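Please look through the model below with its sequence at hand.

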Amino acid sequence: MPTQRFATAVVHPTLRFDKGADPAGPILVSGLAVPWSTTVDLNWWGDTVEFAPGSIEPKTAGHIKFLLDHANHGIGFGVAFKNAPEGLWCQLAIPRDELEDSDTAAAVRQMRNGVRDALSIGVALDEYESEPHETVRGA
């Protein structure tokens, strides 16, 4: 199968924000990163994606970057990933030094206030199955 370079999926709101017990320590964000066997939107023009249970297994949590809005704007890194029956759960850390960046500070404020309440992942797909879908055009 050909490799699809990048896919994104927005999952249901599960984000948990934790300032942490240590005021100098990182801000922790956790949530469901990938729901298994659930069709989710891949993009704004109607494509969808569904991940098989266990199909994503990050090898080294700290090598996973936490990006702001899928841009090359790192705000943190992975701490832990756990496969569960419902999907892949993650815990991410945002070092407090990153709050000096105004975009990062705004994103953290929005997470704390519940404005940002879900995760959206980016993955490289090594294998995938594709099904055609109907294109509906306006009348």
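Predicted model: local features only at pLDDT ≥ 70, side-chain atom pairs only at ≥ 80, totals over all residues.

Residues are numbered from 1 along each chain as its sequence is written, and side-chain values use heavy atoms, with hydrogens and water left out.

The largest nonpolar core has 24 residues, and those that touch the most other members are Val34, Phe51, Ile56, Phe66, Ile94, Met111 and Ile121. Such a core is a set of buried Ala, Val, Leu, Ile, Met, Phe, Trp, Tyr and Cys residues joined through side-chain atoms within 4.5 Å, where buried means under 20% relative accessible area, exposed over 50% and partly exposed in between, for a 1.4 Å probe and protein chains only. Two or more residues each come from strand 3 (27-35), strand 8 (87-94), helix 1 (102-113) and strand 9 (120-125); helices (H or I, at least four residues) and strands (E, at least two) are DSSP runs numbered from the N terminus. Beyond its neighbours within four places in sequence, isoleucine 56 is in contact (heavy atoms within 4.5 Å) with Val34, Trp36, Phe51, Asn83, Leu88, Ile121 and Val123.

Helix 1 also holds threonine 104, which counts as buried because its relative accessibility is 0%. Its side chain makes a polar contact of 3.3 Å with that of histidine 73; the term denotes a pair of N or O atoms within 3.5 Å, of which, within protein, one must be able to donate a hydrogen and the other to accept it, and residues adjacent in sequence count only if both atoms are side-chain atoms. Outside the four places on either side in sequence, the contacts of threonine 104 are Leu68, His73, Ile75, Ile94 and Glu98.

Which side chains meet in a salt bridge? They are those of arginine 116 and aspartate 69, at 2.8 Å from N to O, and a search of the whole structure finds one such bridge, defined as a side-chain nitrogen of Lys or Arg within 4 Å of a carboxyl oxygen of Asp or Glu. Because arginine 116 lies in the loop between helix 1 and strand 9, and aspartate 69 in the loop between strand 6 (65-67) and strand 7 (74-84), the pair ties together parts that are 47 residues apart in sequence. Arginine 116 counts as partly exposed, at 27% relative accessibility.

Most residues other than glycine have a negative phi. Aspartate 69, however, has a positive phi near 55°, and serine 37, in the loop between strand 3 and strand 4 (40-41), has a positive phi of about 55°.
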